[in-house]
Structure formats: C-alpha cells, structure tokens
Amino acid sequence: MARDAGSIAGIQKLRFGPFAIRAGDGNRLIAADGRSLIDFSASWGAASLGHGHPALVEAVQRTLGAMPGASILSTVNEPAVSLAEKLLELTPGQGERRVWFGHSGSDANETIIRAVEAATGRKRVIAFVGAYHGGTTLSMSVSGHTAQAHATPRPGLFLLPYPNPYRPHFPGAVGEATLAHLDYLLATVCPAHDTAAILIEAIQSDGGLLVPPPGFLAAVADRARRHGILVVCDEVKVGLGRTGMMHAFAAEGVEPDLISFGKGLGGGLPLSAVVGPADILDRQTAFAMQTLCGNPVSCAAGNAVLETIAKEGLVDNAAQRGGEIMTGLRRLAERHPQIGDIRGRGLAIGVELVADRTSREPASRFCQKVVYRCFELGLLLFYVGLRSNVLELTPPMTLTAREVEKGLDILDRAIGDVATGRVPDAAIAAYAGW
Ligand SMILES: Cc1ncc(COP(=O)(O)O)c(C=O)c1O
C-alpha cells in the first residue's frame, strides 16, 4: 500500500502509477527512490519556471520573512498591487479594467461566472464539451469534461462541441457546423439577449490539447460581440507564454472581455487572477472574497514569474523548445504507429495514441502504460483527453534543448517497450487515471 493511501483523500487524487516525488531541481524532479526525472508536466503546467528557480525562491523568502499581512481584502499590500498592474499592462483590453486575485483556476472561473451574471442580469452561459474549468461547484457546473459528468450542470448552461480536427464531430469543414449550431442556439433556446458569456479556451487542454481550426476562435468572438455577449478566455493552463505567445488567444488576435489566469502564474504557488472590465469587477464590494485572496507571498511569486518570463525570454524559449519537441515527435511517429496525432503550440502539446491509424480507435490503456513506463525510465508526464489517450506535454517554460532531446529519447523507448509488452496490465491496475 502506498504510504498516502491511509492519510490522503482519494477524491483529490488523479494517479497514473505509484509516482512519489522527494524534491525538485530545475526542470527535473527527484523521485522518492532518488532517481532524477525530466519533468514534462510541470505539475499540469503550474511549475512554469521549473522547481526552485532562484528568482522565485528569493521573492517568496523575502516576502514571507516580513509578510505584510496575508490578504488584500481589508488592507492593501504592494506585491498584489504591482502584480495587478503588471497583468493589466500585459493583457489587451479596452477601457478601465481591474484584476481579481484567487488561489486556483477554479475560483477564477467561478468568480467570472458569478460576476458576469450579476453584472449583465443574463442567465445563460455557453461553454464547450471537453472543457475543464475547475473543481469547485460552480466552475464544474460550467465545464464539459467527462471526468466531471457526476456534477450537475448549471441551469442555463449550453455546451457546444469543441472543434476537433482529428476527430471531427460533423461532416464538412471543421468548426463550421459548431458555429452554425451556436447561431441556432442564440436564435432559439439560448436567446442572445439572455446570454451573459461564452467561455472558451484557445487550446482546449484537458479535453485533449485540441487546437481549433484557424478562424474558429475569432468567429466565436465576432458572434459574441454582435450579440453583446461577453467573451471569456480561460488561459489557466495555456496562458502566460506557454504557447510561444504571451496569450494563447493572441493566435487569432482575439481581445477577450475577461481572462482567467492560474497555474503557471504562481509558478507552483496557489495563485489565480481574473482580468476584466471595471464595471464588472468593481460593481459591488464584498462579492467574491476568500480570506487569502491577494496573499502577498503568492503575489510575490506571481511578480517573480512574470519578471522572469520577460528577463529570460521564456516566451521565445517556449516557442523554440516546442518546435524542437514537435519535430522530434514527428520522427517518433515514423517508428511508432500508435502515434495518431501530434498537435499544440509552443510547450502545450498533445500526442494522441491510437490502436491503429485507420480506425483511430483510442489506445487508452496503452497510453496509461506509456506514462507508467516513462516514469520508470526517468520522464514524468501525464495524459488527458475525453478518451484518456492523449499524452500531455506541458513542461516548465525553462526547459532546455538537451532536456527536450533526453525526454524524447525516453518517450521513444517507453512507447517501444509498451508495444512489445514490457508493461503488464497488473502494473497499472491499481491506478484509475481519468
Ligand atoms: C483550462 C483550465 N481551467 C481551469 C482549471 C482549474 O484550475 P485549478 O485546478 O487550479 O483550480 C484547469 C485545471 O486543470 C484547467 O486546465
């Protein structure tokens, strides 16, 4: 029995194997048995600067040593205000805007939904099948991931299929039928005048790292504008440089009304933010509070992350390393017929595994075994997708070319080993994954 089985609640676990970590070191993690692992997950994208980056350590230690309170609710603190100013500067948007701080992608998305409903008086929200927007009641209720099928959708929620170029839902041009369905909903049961917001990811991350066809995001935003519906972009996993652009939505020149940030913003510390119009986020005091919102240590981490991204050119690094990974993966695909599709931008990459390339039958168990074997061989990564068959590569943005090479070598070996039956079913039987 793993040691945590008797102490840590199973309802917060998403385990793919008996993976235990003792420490972190740059873009590597040290396993409990002392092995050094290349980190191709960054804890689902949160450890944007890797582990123990000196700038992050210095900022956190300095702030913690003389902590100016713990909260922004009733007193102002400098790290929170300077982080808010930085976020306003680096996000596009019109007019007066404000920043709300939270601890997780979930609370950021939850706050957005509550705030836009209150501000607009409109009750409908449109989101996408496959989207994971959070694990709190309301953020789950506007999500469309199969892992959350146990949760009750929010009344007034309409879900559209997210366009999937590899597995199109509808015949014809990918995305067109979804846009037509959006028009149909707005003209019928989801009347535009009662629709507060469309909540969308520029790359749908937990749904399988889906990159929509060119023009789709812009077309959704155009429709929203035409109807006075707010465009909300969830940048929690793919934002702040990871895609090789500061914002994932920038790929289509979209200017969202509201944006949620999380994960990589805190570099691994609990921190999220919402950027949006002042008339929505200033509308009422004491409306969306948690005691530790604007925590100065978390905000100091956020400042260090944004400063380091700029100072070390990490947006460019994400683009370059991502390009190298894509090239390497295409080479692996020549050897491994289980690789059905490779997609993504920068360091937000998905590798869809299939039983055969013609039927495209999802290779879910195979995928779980690859993750398991990678861990054994020295690479940490996980998988996503509604069929649990998409390897997710979201390494720290500090990843080096050498680590790219090493990580891909291990992935190559792991796929080969699983294909030749080196990972028995029993090895992964105890781990449900998702
Ligand atoms: C796109 C997206 N939004 C929101 C969330 C929720 O973030 P958190 O788990 O930090 O609450 C996630 C988490 O996986 C996510 O991927």
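Why does Leu386 count as partly exposed? Leu386 falls in this class because its relative accessibility is 32%, where buried denotes under 20% relative accessible area, exposed over 50%, and partly exposed the range in between, with a 1.4 Å probe and protein chains only.

The structure is a predicted model, in which local features need pLDDT of at least 70 and side-chain atom pairs count only at pLDDT 80 or more, while totals for chains, interfaces and linings use all residues. Residues are numbered from 1 along each chain as its sequence is written, and side-chain values use heavy atoms, with hydrogens and water left out.

The protein chain is divided into domain 1 (3-34 + 313-428) and domain 2 (57-311), the bounds being taken from an automatic or database domain assignment. A distance of 26 Å separates the C-alpha centres of domain 1 and domain 2. To the contact between them, domain 1 contributes 30 residues and domain 2 contributes 28 residues; contact here means heavy atoms within 4.5 Å.

In soluble globular proteins, nonpolar side chains tend to be buried together. The largest nonpolar core of this model has 96 residues, a core being a set of buried Ala, Val, Leu, Ile, Met, Phe, Trp, Tyr and Cys residues joined through side-chain atoms within 4.5 Å. Leu87, Phe101, Ile325, Leu329, Val370, Leu391 and Leu411 have the most contacts inside this core. Its largest share, eight residues, is supplied by helix α11 (residues 364-377); helices (H or I, at least four residues) and strands (E, at least two) are DSSP runs numbered from the N terminus. Domain 1 and domain 2 each provide at least three residues to this core. When residues up to four places away in sequence are not counted, Leu87 touches Val99, Phe101, Phe261, Leu265, Ala273, Val275 and Leu306. Another core, of 22 residues, lies apart from the largest one and includes Ala115, Leu138, Val232 and Ile280.

On the surface, Val129, Leu159 and Leu386 form a nonpolar patch whose accessible area together is about 190 Å². Patches consist of residues with over 30% relative accessible area and no salt bridge, like charges being joined within 9 Å and nonpolar side chains (Val, Leu, Ile, Met, Phe, Trp, Tyr) within 5 Å. Accessible areas come from the Shrake-Rupley method with a 1.4 Å probe, and for residues only the protein chains shown count as cover. Ser388 counts as buried because its relative accessibility is 13%.

A positive phi, near 35°, is also found at Lys263, a residue other than glycine. Most residues other than glycine have a negative phi, and most peptide bonds are trans. Lys263 belongs to the loop between β9 (258-261) and β10 (272-277) and is partly exposed, with a relative accessible area of 26%.

Side chains of opposite charge can pair when their charged atoms come close. The structure holds 24 salt bridges, each defined as a side-chain nitrogen of Lys or Arg within 4 Å of a carboxyl oxygen of Asp or Glu. One of these joins the side chains of Asp4 and Lys13, at 3.3 Å from N to O. Asp4 is buried at 17% relative accessibility, whereas Lys13 is partly exposed at 25%.

Lys123 forms a salt bridge with Asp194, with 3.5 Å between the closest N and O atoms. Lys123 lies in the loop between α4 (105-120) and β5 (124-129) and Asp194 in the loop between α6 (176-187) and β7 (195-200), so the pair ties together parts 71 residues apart in sequence. The relative accessibility of Lys123 is 47%, so this residue counts as partly exposed, while Asp194 is buried at 9%.

A further salt bridge, at 2.7 Å from N to O, joins the side chains of Glu352 and Arg167. This pair links distant parts of the chain, 185 residues apart, with Glu352 in strand β12 (residues 348-353) and Arg167 in the loop between β6 (157-161) and α6. Glu352 is buried, with a relative accessible area of 3%. Through salt bridges that share partners, Arg167, Asp341, Arg343 and Glu352 are joined into one network.
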